[in-house]
Amino acid sequence: RNLPFEKLQESAKEGPVIVVNCSQYGSHVIIVFDDRPPSVIALEGGFHGAAIQTREQYSKARLQTMTEQDSIARTRAWQSFKVKLFQTLNWLWISVVSKVVTKLEEVEIPKGSRTWWCPTTFLCLLPFHGAGEGKYWLIDSYVSSYTPTLKALIDARASLSYLAKDGPEPMPNILVVAQTVSAGLPAAGPELDAMRSLVNL
């Protein structure tokens, strides 16, 4: 909001920024590039209602896996969540992400490039980075990162530039959160250890 065009382009210097707007009055994807005007993709008229329903079902299934105390019930909840997860990833691909990939290919953004997802409102709870269908998955084409706003991305890069000029090897601040017990993520522990070794924690 209130960012001049040059600033919008600045936000996309390290890859296109994909803003997903959802409203009952109309939903759109706005892809911001660093070297050309933004591209706008209109989403289907029923996207807003479908997005609300998908988010609610996905969040409910996810919450149940985290709060269920009984081991048998938790296993059943986890199986149910996996079904809902793949349904959500499939819906995201068909409704939004496949359209974005098509546009990125049209403007010749190389495969393997970083992209920045900037979903709005309740869409922030949905896993755009994992979207896919059958043999087509976003992760096979582009690297996904997230930003809450375009301005946040611009400010973060400005801060890094400032630190780089302020000293030979500035130590970045980092917060790592990992659930390594009963989370169904066996690689979380080794990944946490690898990060500790990199920053000497």
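## Threonine 54 and its surroundings

Threonine 54 touches Thr88 and Trp91, leaving out residues up to four places away in sequence; contact here means heavy atoms within 4.5 Å. Threonine 54 belongs to helix H2. Helices (H or I, at least four residues) and strands (E, at least two) are DSSP runs, numbered from the N terminus. With a relative accessible area of 12%, threonine 54 is buried. Buried stands for under 20% relative accessible area, exposed for over 50%, and partly exposed for what lies in between, using a 1.4 Å probe and protein chains only.

The side chain of threonine 54 also reaches the backbone oxygen of alanine 50, at 2.8 Å. This is a polar contact, that is, a pair of N or O atoms within 3.5 Å; within protein, one must be able to donate a hydrogen and the other to accept it, and residues adjacent in sequence count only if both atoms are side-chain atoms.

## About the model

This is a predicted model, in which local features need pLDDT of at least 70 and side-chain atom pairs count only at pLDDT 80 or more, while totals for chains, interfaces and linings use all residues. Residues are numbered from 1 along each chain as its sequence is written, and side-chain values use heavy atoms, with hydrogens and water left out.

## The nonpolar cores

In soluble globular proteins, nonpolar side chains tend to be buried together. A nonpolar core is a set of buried Ala, Val, Leu, Ile, Met, Phe, Trp, Tyr and Cys residues joined through side-chain atoms within 4.5 Å. The largest one here has 31 residues, and those touching the most other members are Val20, Val29, Val96, Val97, Trp117, Leu123 and Phe128. At least two residues of this core come from each of strand E1 (17-21), strand E2 (28-32), helix H2 (47-67) and helix H3 (71-106). H3 gives the largest share, 9 residues. Apart from this core lies another, of 7 residues, including Val17, Val19, Trp116 and Cys118.

Where does leucine 43 sit? Look in the loop between strand E3 (39-42) and H2. Leucine 43 counts as buried, at 9% relative accessibility. Beyond residues up to four places away in sequence, leucine 43 touches Val20, Ser27, His28, Val29, Ser95, Val96 and Lys99. Leucine 43 and valine 96 are 53 residues apart along the chain, and their C-alpha atoms are separated by 7.3 Å.

## Aromatic rings

A pair of aromatic rings is described by the distance of the centres and the angle of the planes. Rings of Phe, Tyr and Trp (its six-membered ring) pair if their centres lie within 6.5 Å; planes under 30 degrees apart count as stacked, over 60 as edge-to-face and the rest as tilted. The whole structure holds 5 aromatic pairs. Phenylalanine 86 and tryptophan 137 form an edge-to-face pair, because their ring centres are 6.4 Å apart and their planes stand at 80°. Phenylalanine 86 lies in helix H3 and tryptophan 137 in strand E6 (residues 136-137), so this pair ties together parts that are 51 residues apart in sequence. Tryptophan 137 counts as partly exposed, at 23% relative accessibility.

Tryptophan 117 and phenylalanine 128, in contrast, are stacked, with 5.2 Å centre to centre and 20° between the planes. Tryptophan 117 is in strand E4 (residues 114-119) and phenylalanine 128 in the loop between E4 and strand E5 (132-133), 11 residues apart. Tryptophan 117 is buried at 1% relative accessibility, and phenylalanine 128 is buried with a relative accessible area of 0%. Elsewhere, Tyr58, Trp78 and Phe81 form one aromatic cluster.

## Serine 145

Serine 145 is part of strand E7 (residues 143-146) and counts as buried at 13% relative accessibility. Its side chain is joined to that of arginine 114 by a polar contact of 2.4 Å. Neighbours within four places in sequence aside, serine 145 is in contact with Arg114, Thr115, Trp116 and Trp117.

## Two positive phi angles

Glutamate 108 has a phi near 65°, a positive value in a residue other than glycine. Glutamate 108 sits in the loop between H3 and E4 and is exposed, at 67% relative accessibility.

Threonine 121 is not a glycine either, yet its phi is positive, about 45°. Threonine 121 is found in the loop between E4 and E5, where it is exposed with a relative accessible area of 52%.
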